[in-house]
Amino acid sequence: MIEAKNVSMKYGKNGQYALSDISFFIDRGEFAFFVGSSGAGKSTLLKLIIRELTPSTGCLKVFNRDVGRLPRQKLPYLRRNIGMVFQDFRLIESRTVYDNVAFAMMVIGSPQREIHKRVPQVLTLVGLEDKTKAKVCDLSGGEQQRVGLARALANRPALIVADEPTGNLDPGTTLDIMNLLRSINQRGTTVLVATHNREIVNLFKKRVIYLDGGRMVGDEQEGFYTHDH
Ligand SMILES: Nc1ncnc2c1ncn2[C@@H]1O[C@H](COP(=O)(O)OP(=O)(O)OP(=O)(O)O)[C@@H](O)[C@H]1O
Ligand SMILES: [Mg+2]
């Protein structure tokens with residue numbers, strides 16, 4: 001599903017490498033954490049996967065396509081098959097929960113009747129069926145992130161990419177959101193999560209890819225996030 005071969009990335013011509021010589025393979029259906037201290041390169045790597053950035057050198061394949069060389073007209077295919085979840089939610093706060101999820105389907109051209117059917121489904125999946133008509137700005141942080149998850153799921157993506165999805169949430173809400181991501185993964189969606197949260201990583205015992213100063217310093221199947229990395 002995702003194959004990185006000697007991927008390096010540097011911002012600007014004279015900048016330092018934000019990522020150096022990264023290689024890994026993530027199979028369909030996996031759940032993987034990207035961990036490492038601030039500046040390690042986690043967000044840069046996720047941005048390469050969603051093609052917000054392109055590698056300076058090396059080859060990165062997502063869904064078997066070289067995303068560094070993907071022609072512009074192929075971008076919509078990639079985007080509709082990847083659901084993104086952000087630390088700061090990135091919702092339209094003045095609009096309803098329903099609208100926020102519906103917009104994600106409208107932009108890829110889904111017909112209204114499919115939107116009417118699908119939005120309640122995903123809102124039920126994240127436990128927000130009673131908040132359909134609420135404005136996002138009236139929701140708690142945890143509820144807002146559930147909307148973020150519902151929006152990411154709306155188009156039935158093969159891959160969910162979450163950059164610090166619980167960075168702004170308290171520990172209880174963090175566990176709720178992470179459990180949701182885990183159950184989404186159990187239904188077959190590949191899930192990638194960048195996080196600083198050692199407790200969650202150690203609780204989940206999923207694959208852990210460690211970055212340090214732009215280098216990959218570890219890759220473990222049932223990994224722990226310790227101070228040794
Ligand atoms: N737009 C940019 N322009 C120049 N340098 C950047 C840019 N974005 C990130 N960097 C640099 O790239 C390196 C990796 O940053 P990145 O944001 O990927 O780290 P991170 O692991 O996500 O950190 P954090 O845990 O703080 O989110 C850092 O040295 C950072 O300063
Ligand atoms: Mg980051």
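This briefing covers the surroundings of a ligand, the packing of several helices and a few individual residues in a predicted model. Because the model is predicted, local features need pLDDT of at least 70 and side-chain atom pairs count only at pLDDT 80 or more, while totals for chains, interfaces and linings use all residues. Residues are numbered from 1 along each chain as its sequence is written, and chains are lettered from A and ligands numbered from 1 in the order in which they are written. Helices (H or I, at least four residues) and strands (E, at least two) are DSSP runs, numbered from the N terminus.

- The shell around ligand 1 consists of Y11, G15, A18, G36, S38, G39, A40, G41, K42, S43 and T44, where a residue counts as near a molecule or strand if its C-beta atom, placed from the backbone, lies within 6 Å of it.
- By class, this shell around ligand 1 holds three nonpolar, seven polar and one charged residues; here Ala, Val, Leu, Ile, Met, Phe, Trp, Tyr, Cys and Pro count as nonpolar, Asp, Glu, Lys and Arg as charged, and the others, Gly among them, as polar.
- Helix α1 (residues 42-49) supplies the largest share of the shell around ligand 1, namely three residues.
- Helix α1 is largely enclosed by the rest of the structure, because six of its eight residues are buried; a residue is buried if 20 or more other C-beta atoms lie within 10 Å of its own, exposed if 12 or fewer, and partly exposed in between, with C-beta atoms placed from the backbone.
- Those buried residues of α1 are K42, T44, L45, L46, L48 and I49, and the helix is followed by R51, whose phi is positive, near 65 degrees.

**Packing of α5 with α6**

- Two packed helices are described by the angle between their axes and the distance between the axes.
- Helix α5 (residues 141-153) packs with helix α6 (residues 171-186) at an angle of about 15 degrees, their axes being 10 Å apart; axes are lines fitted to C-alpha atoms, for helices over the stretch in contact, and angles run from 0 to 180 degrees between N-to-C directions.
- That angle makes α5 roughly parallel to α6, given that angles under 35 degrees count as roughly parallel, over 145 as roughly antiparallel, 65 to 115 as roughly perpendicular and the rest as oblique.
- The crossing of α5 and α6 is right-handed; a crossing is left-handed if the near helix is turned anticlockwise from the far one by less than a right angle, and right-handed if clockwise.
- On the α5 side the contact is made by G141, G142, Q145, L149 and L153, and on the α6 side by T173, D176, I177, L180 and I184, two residues being in contact if their C-beta atoms, placed from the backbone, lie within 7 Å.
- The residues of this contact of α5 with α6 divide into five nonpolar, four polar and one charged.

**Packing of α3 with α5**

- The axes of helix α3 (residues 97-106) and α5 come within 8 Å and cross at roughly 30 degrees, which makes α3 roughly parallel to α5.
- The crossing of α3 and α5 is right-handed, and in it V97, N100, V101 and A104 of α3 meet V147, A150 and R151 of α5.
- By class, the contact of α3 with α5 has five nonpolar, one polar and one charged residues.
- Helix α3 is mostly covered, with seven of its 10 residues buried, namely V97, Y98, N100, V101, A102, A104 and M105, and what covers these buried residues includes α4 and α5.

**Individual residues**

- V147, found in helix α5, counts as buried because it has 25 C-beta neighbours inside 10 Å.
- Leaving aside its neighbours within four places in sequence, V147 is in contact with L91, V97, N100, V101, L128 and V136.
- L125 is found in helix α4 (residues 112-125) and is partly exposed, with 17 other C-beta atoms within 10 Å.
- N6 lies in strand β1 (residues 2-10) and has a phi near 50 degrees, a positive value in a residue other than glycine.
- K205, in the loop between α7 (198-204) and β9 (207-212), has a positive phi of about 55 degrees although it is not a glycine, and it counts as partly exposed with 13 C-beta neighbours inside 10 Å.
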